[in-house]
Structure formats: C-alpha cells, structure tokens
Amino acid sequence: MWLGKVVGTVVAPTKNENLVGSKLLVVQPLNLDGMNTISLQVAVDTVGAGNGETVLVSTGSSARRVMNSDNSPVDAAIVGIVDNIDLEGISKAQYWVQKG
C-alpha cells in the first residue's frame with residue numbers, strides 16, 4: 001500500500017464490464033516527506049474519496065480483491081481516506097501532513 005493525493009478524475013463511458021459503476025481517480029503518489037512523486041496512477045475509488053484528499057492505495061491482487069473479482073482489470077484501488085498520520089521520531093520539519 002502507498003499514500004497519495006487525489007489530483008483528478010477519469011471519465012471513461014466505455015470500459016470493461018467489471019468497472020461499470022466504478023469511479024476512477026487520478027492519484028499522485030506521495031513520499032513520506034510529503035513531496036509528490038513524478039508518476040500518476042489511476043485507481044478505482046472504493047471509499048468515496050474526493051479531489052485533494054490524501055488516500056491509502058492498495059495495488060496488485062489485493063486491489064482486485066477489493067473489487068470482489070480476481071478477473072477485474074484493476075491494479076490500484078483507493079481503500080482509505082487519511083485524516084491524520086502520526087510518525088514517531090520524525091522532526092516537525094519532516095512532518096508533512098498539512099492540508100492545503
């Protein structure tokens with residue numbers, strides 16, 4: 001699993017039948033220092049996440065299981081919305097979870 005920030009949506013009127021009714025979001029992975037990574041990922045939203053929210057993303061076969069189908073063409077699924085992160089032994093300068 002990894003942390004990311006929702007930065008957009010994907011509209012796909014024609015898609016695999018296992019994805020019908022699923023919301024697709026564009027997620028930018030985050031490093032633990034709060035910096036965005038370069039890559040973007042498309043993930044199926046299973047929790048009602050919205051733009052700008054920090055989310056927890058599951059990948060691979062675990063993401064497919066969230067969709068209740070091992071045959072689903074899903075490689076990433078949003079499985080949680082993050083409200084707060086507490087890190088032990090990290091200085092305030094390194095602590096990144098600030099909304100805005």
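## Ala77 and its surroundings

Ala77 touches Ala43, Val44, Thr46, Leu56, Val57, Ser58, Ala63 and Val66, leaving out residues up to four places away in sequence; contact here means heavy atoms within 4.5 Å. Ala77 lies in strand S5, where helices (H or I, at least four residues) and strands (E, at least two) are DSSP runs numbered from the N terminus. With a relative accessibility of 0%, Ala77 counts as buried. Buried means under 20% relative accessible area, exposed means over 50%, and partly exposed lies in between, with a 1.4 Å probe and protein chains only. The C-alpha atoms of Ala77 and Ser62 are separated by 8.5 Å, while the two residues are 15 residues apart along the chain.

## Basis of the model

This is a predicted model, in which local features need pLDDT of at least 70 and side-chain atom pairs count only at pLDDT 80 or more, whereas totals for chains, interfaces and linings use all residues. Residues are numbered from 1 along each chain as its sequence is written, and side-chain values use heavy atoms, with hydrogens and water left out.

## Overall fold

The protein has one helix and five strands, which follow the pattern β-β-β-β-α-β along the sequence. Of its 100 residues, 35% count as buried. Among contacts with a separation of 6 or more, 53% come from residues 24 or more positions apart.

Five strands close into a barrel in the order S1-S2-S3-S5-S4, with mixed pairing. Neighbouring strands of this sheet are turned by 55° against each other on average, direction ignored; axes are lines fitted to C-alpha atoms, for helices over the stretch in contact, and angles run from 0 to 180 degrees between N-to-C directions.

## Strand pairing

Two strands pair if DSSP finds at least two bridges between them. S1 and S2 run antiparallel and are joined by six bridges; within S2, Leu24 stands opposite Val10. Strand S1 (residues 2-10) is also joined to strand S4 (residues 54-59), in the antiparallel sense, by four bridges. Here Trp2 has Val57 of S4 as its bridge partner.

S4 in turn pairs with strand S5 (residues 76-81) over five bridges, again antiparallel. In S5, Gly80 is the bridge partner of Leu56.

## Nonpolar cores

In soluble globular proteins, nonpolar side chains tend to be buried together. A nonpolar core is a set of buried Ala, Val, Leu, Ile, Met, Phe, Trp, Tyr and Cys residues joined through side-chain atoms within 4.5 Å. The largest such core has nine residues: Val6, Leu25, Val27, Ala43, Ala49, Val55, Val57, Ala76 and Ile78. Strand S2 (23-29), S4 and S5 each supply at least two residues of this core. Apart from it lies another core of seven residues, including Val44, Ala63, Val74 and Ala77.

Ile78, a member of the largest core, has contacts with Val6, Leu25, Val27, Ala43, Val44, Asp45, Thr46, Val47, Ala49, Val55, Leu56 and Val57, not counting residues up to four places away in sequence.

## The salt bridge and Asp45

The structure holds one salt bridge, defined as a side-chain nitrogen of Lys or Arg within 4 Å of a carboxyl oxygen of Asp or Glu. The side chains of Lys23 and Asp45 form this bridge, at 3.2 Å from N to O. Lys23 lies in strand S2 and Asp45 in strand S3, so the pair ties together parts that are 22 residues apart in sequence. Lys23 is partly exposed, with a relative accessible area of 38%, whereas Asp45 is buried, at 10%.

Asp45 is found in strand S3 (residues 41-45). A polar atom of its side chain lies 3.1 Å from the backbone nitrogen of Val47. Beyond its neighbours within four places in sequence, Asp45 is in contact with Lys23, Leu25 and Ile78.

## Gln41 in strand S3

Gln41 also has its place in strand S3 and is partly exposed, with a relative accessible area of 30%. Not counting residues up to four places away in sequence, Gln41 touches Trp2, Leu25, Val26, Val27 and Pro29. The C-alpha atoms of Gln41 and Leu25 are 8.2 Å apart in space, and the residues are 16 residues apart in sequence.

How values were computed: A polar contact is a pair of N or O atoms within 3.5 Å; within protein, one must be able to donate a hydrogen and the other to accept it, and residues adjacent in sequence count only if both atoms are side-chain atoms.
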